Amino acid sequence: NISISTRTTYYSGILQVLRSMDYPDEKSVKNLIKQRQEYIDQYNSIQDGLKSKRQEESFLAAKTIDDKIDEYEKKIKGGDNDPHLLQIWMILKLIRKFCFRAEELATLEFTNIHDYNKEKDTTRKNMVVMDPKGWFISRNKYKTLKHYGRSIHALEGQILQDIKLYRGSTMKASKIRREKALKEGNPDPGDKLFVSSFQVTKRPTNMTSNALSKYMLNWSNKELPPVKLEDGSKKPRNLSLNMIVKV
């Protein structure tokens, strides 16, 4: 019940041990080499360039994630204000619309146009800017920043309505987090879109790219259909944020 690439690695390890022992049964060694080559050939036969070979097993149709977004949206617009539900819904919506990387999405925060104009030429923040003339996302920290410079994404139509709904639903919780941090002498976390945990904890709960990756893996384990293995058994599906972007 393990992937082809892992099987290949195991066989390579076994062969190294046998060779270091000067193992006398040459026929067995040849059989191991033959079996390893079969796994290597299977591994290399996956031709879809969009997916890495290790991702092939967990990949799935985009419709499955679209259906999850629709399911969450129906609950939210029906009055469900569960913070976990609101957060995963907003994350998935932004992934689908803009295909942001984990490090860009995790650090997003709300700001008004006045504060944005004061710091836009020096900031390294990724922000949802609330401008009365039109909301937009300003990316100032991302992989190809040196090549492309500040990146602006207009927020219009449905995604703008969704972000406004999300902000309105989470403002109270955001205010509580800020007051708690300042009361305990911690740095002001700002008006972050996302948190790594909704539990009361002494540790900072600001979302990071690593925390977001773990958050999405945990979500895919619980919420997406399991992977069916060759022997008929099943295992939880593992989709990182970047794999979800590819989907």
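## Briefing: helices, salt bridges and contacts in a predicted chain

Helix α1 gives way to D22, a residue with a positive phi, near 55°. The model is predicted: local features require pLDDT of at least 70 and side-chain atom pairs count only at pLDDT 80 or more, while totals for chains, interfaces and linings use all residues. Residues are numbered from 1 along each chain as its sequence is written, and side-chain values rest on heavy atoms, with hydrogens and water left out. The protein chain contains 10 helices and 6 strands; these are DSSP runs numbered from the N terminus, helices being H or I with at least four residues and strands being E with at least two.

**Overall figures**

- Of the 247 residues in the protein chain, 37% count as buried; buried means under 20% relative accessible area, exposed over 50%, and partly exposed in between, with a 1.4 Å probe and protein chains only.
- The protein chain has an accessible surface of about 15,100 Å², and 50% of that surface belongs to carbon and sulfur atoms. Accessible areas come from the Shrake-Rupley method with a 1.4 Å probe, and for residues only the protein chains shown count as cover.
- Among contacts in the protein chain with a separation of 6 or more, 51% are between residues 24 or more positions apart; contact means heavy atoms within 4.5 Å.

- Helix α1 covers residues 4-20, 17 residues in total, and spans 25 Å from its first C-alpha to its last, close to the 24 Å expected at 1.5 Å a residue. The expected span is 1.5 Å times one less than the number of residues.
- I4, S5, R7, T8, L15 and L18 are the buried residues of α1. Viewed down the axis of α1, these buried residues fall within an arc of 155°, so they line one face of the helix; the arc is that of the directions from the helix axis to the C-beta atoms.
- T9, Q16 and S20 are exposed on the other side of α1.
- Y23 sits in the loop between α1 and α2 (26-44) and is partly exposed, at a relative accessible area of 34%.
- Together, V17, M21 and Y23 make a nonpolar surface patch of about 290 Å². Patches consist of residues with over 30% relative accessible area and no salt bridge, like charges being joined within 9 Å and nonpolar side chains (Val, Leu, Ile, Met, Phe, Trp, Tyr) within 5 Å.

**Salt bridges**

- The structure holds 14 salt bridges, each defined as a side-chain nitrogen of Lys or Arg within 4 Å of a carboxyl oxygen of Asp or Glu.
- E71 and K68 form one of them, at 3.4 Å from N to O. The two residues are 3 apart in helix α3 (residues 62-77), and are thus separated by about one helical turn.
- E71 also forms a salt bridge with K75, at 3.6 Å from N to O; both residues lie in helix α3, 4 residues apart, about one turn of the helix.
- An α-helix has 3.6 residues a turn, so residues three or four places apart point the same way.
- E104 and R139 form a salt bridge whose closest N and O atoms are 2.8 Å apart. This pair links distant parts of the chain, with E104 in helix α5 (residues 102-106) and R139 in strand β3 (residues 136-139), 35 residues apart.
- E104 is buried at a relative accessible area of 3%, and R139 is buried at 13%.
- Salt bridges with shared partners join K68, E71, K75 and E223 into one network.

- K77 belongs to helix α3. Not counting residues up to four places away in sequence, K77 touches Q158, D162 and L165.
- K77 and L165 lie 88 residues apart in sequence, with 9.4 Å between their C-alpha atoms.
- I152 is in strand β4 (residues 151-154) and counts as partly exposed at 46% relative accessibility.
- Apart from its neighbours within four places in sequence, I152 is in contact with Y116, F136, I137 and S138.
- I152 and I137 are 15 residues apart along the chain, and 5.7 Å separates their C-alpha atoms.
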